[in-house]
Amino acid sequence: MKPQLSYTIWFSQRTGSTLLCKAIESTRIAGKPREWFNCKPDLLTEFHQPNLADLQEYLWKLGSTDNGVFGINHSYYEPHFSQLTETLRKFPACPPTATSRTAVWENVFPNHRHIFMTRRNKIRLAVSWWRAIQSEEWHLSTAENRKPFDLSNAYSFDAINHLYNECSMREAGIQEFFTEGGITPLNIFYEDFIHNYERTIRTILDYLELDSRSVSIAPPALTKLADAVSEEWTQRFRKERQNGWTNRGW
């Protein structure tokens, strides 16, 4: 069934979007915002559907709760996004008049709202990203015990610097998408979310014009991964990144 309301949580890596989506889904009234498009752009093959009409219905069903609210969590990067857009452009819900990328997205996912999940401190974001790549530990459930990792030789200035630049470029791409469609998203900052977990979820429900007062929100499903290694890398990188600067930013 066609969603009555839909929304996208746009994010770059290590901004807390997975924790956010699990919390939103726990309400059972705000869709199932998962990374439905974290796959190859050949959606018919990926979702094993015979045609685009069936695929459209299947995706709506995957991401919707019983009240007709659809959610998706999506990370912008190229050329994946352009390829994905061309696939969505062929969906029955997308008319020929939908020429811009935002028009395509908002026709396929009707009555659309946009949420931008970001992190103010991009150095800590990049450090978290590189640490996850090295340890292969992307998320840790509150019920799990942490595995021991030897990261003593895993620090890399070049790798963290690349990820520092990459997250900035990805977010610039998201902002260009917003500008193209005249979109003013709801901005959610990782740092605020971590300190005001439940309040953040209720703010999102208010933005979606859903019942934020009586709904029950599950406690955090994931625990923080940053540790002494993360802090050591953060301090080392910020000093090396500004080596030789007369006026340092941090």
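A disulfide is a pair of cysteine sulfur atoms within 2.5 Å. By this rule, the count for this structure, which is a predicted model, comes to zero disulfides. Cysteine 21 is in no disulfide: the nearest cysteine sulfur belongs to cysteine 39 and is 16 Å away. Cysteine 21 is buried, at 5% relative accessible area. Cysteine 94 is likewise in no disulfide, and the nearest cysteine sulfur, that of cysteine 39, is 18 Å away. With a relative accessibility of 8%, cysteine 94 counts as buried.

In soluble globular proteins, nonpolar side chains tend to be buried together. The largest nonpolar core here has 27 residues, and the members that touch the most others are Trp10, Phe37, Leu43, Leu88, Trp105 and Phe109. At least two residues of this core come from each of α3 (52–63), β2 (69–75), α4 (80–88), α5 (101–108) and α7. Leucine 43 is in contact with Phe37, His48, Leu55, Leu84, Thr87, Leu88 and Phe91, leaving aside neighbours within four places in sequence. Another core lies apart from the largest one; it has 25 residues, among them Leu5, Ile24, Val69 and Leu205.

**Helix α9 and its surroundings**

Helix α9 spans residues 197–207, and its residues Tyr197, Thr200, Ile201, Arg202, Ile204 and Leu205 are buried. What do the buried residues of α9 pack against? They pack against α1 (17–26), β3 (112–118), β4 (186–189) and α8 (190–195). After α9 comes glutamate 209, which has a positive phi near 60 degrees.

**Two helices that cross**

Two packed helices are described by the angle between their axes and the distance between the axes. For helix α7 (residues 157–181) and helix α10 (residues 228–241), the axes come within 11 Å and cross at roughly 85 degrees. An angle from 65 to 115 degrees counts as roughly perpendicular, so α7 is roughly perpendicular to α10. On the α7 side, the contact is made by Phe157, Ile160, Asn161, Tyr164 and Asn165. On the α10 side, Trp233, Phe237, Glu240 and Arg241 take part. The residues of this contact divide into five nonpolar, two polar and two charged.

**Single residues and their neighbours**

Threonine 8 has its place in strand β1 (residues 5–11). Is threonine 8 buried or exposed? Threonine 8 is buried, because its relative accessible area is 0%. Not counting residues up to four places away in sequence, threonine 8 touches Ile72, His74, Trp105, His112, Arg113, His114 and Ile115.

Isoleucine 29 is found in the loop between α1 and α2 (43–46). Its relative accessibility of 22% counts as partly exposed. Isoleucine 29 touches Thr65, Asn67, Val69, Leu205, Leu210, Asp211 and Val215, residues up to four places away in sequence not being counted. Isoleucine 29 and glycine 244 are 215 residues apart in sequence, and their C-alpha atoms are 53 Å apart in space.

**Backbone details in loops**

Two arginines have a positive phi although neither is a glycine.

The peptide bond from glutamate 78 to proline 79 is cis, and its omega is near 10 degrees. Proline 79 is found in the loop between β2 and α4.

Terms used: Residues numbered from 1 in each chain as written. Predicted model: local features only at pLDDT ≥ 70, side-chain atom pairs only at ≥ 80, totals over all residues. Heavy atoms only, no water. Axes fitted to C-alpha atoms, helices over the stretch in contact; angles between N-to-C directions. Helix = DSSP H or I, 4+ residues; strand = E, 2+ residues; numbered from the N terminus. Parallel < 35°, antiparallel > 145°, perpendicular 65-115°, else oblique. Contact = heavy atoms within 4.5 Å. Nonpolar A, V, L, I, M, F, W, Y, C, P; charged D, E, K, R; others polar. Buried < 20%, exposed > 50% of the residue type's maximum accessible area, 1.4 Å probe, protein only. Core = buried A, V, L, I, M, F, W, Y, C linked by side-chain atoms within 4.5 Å.
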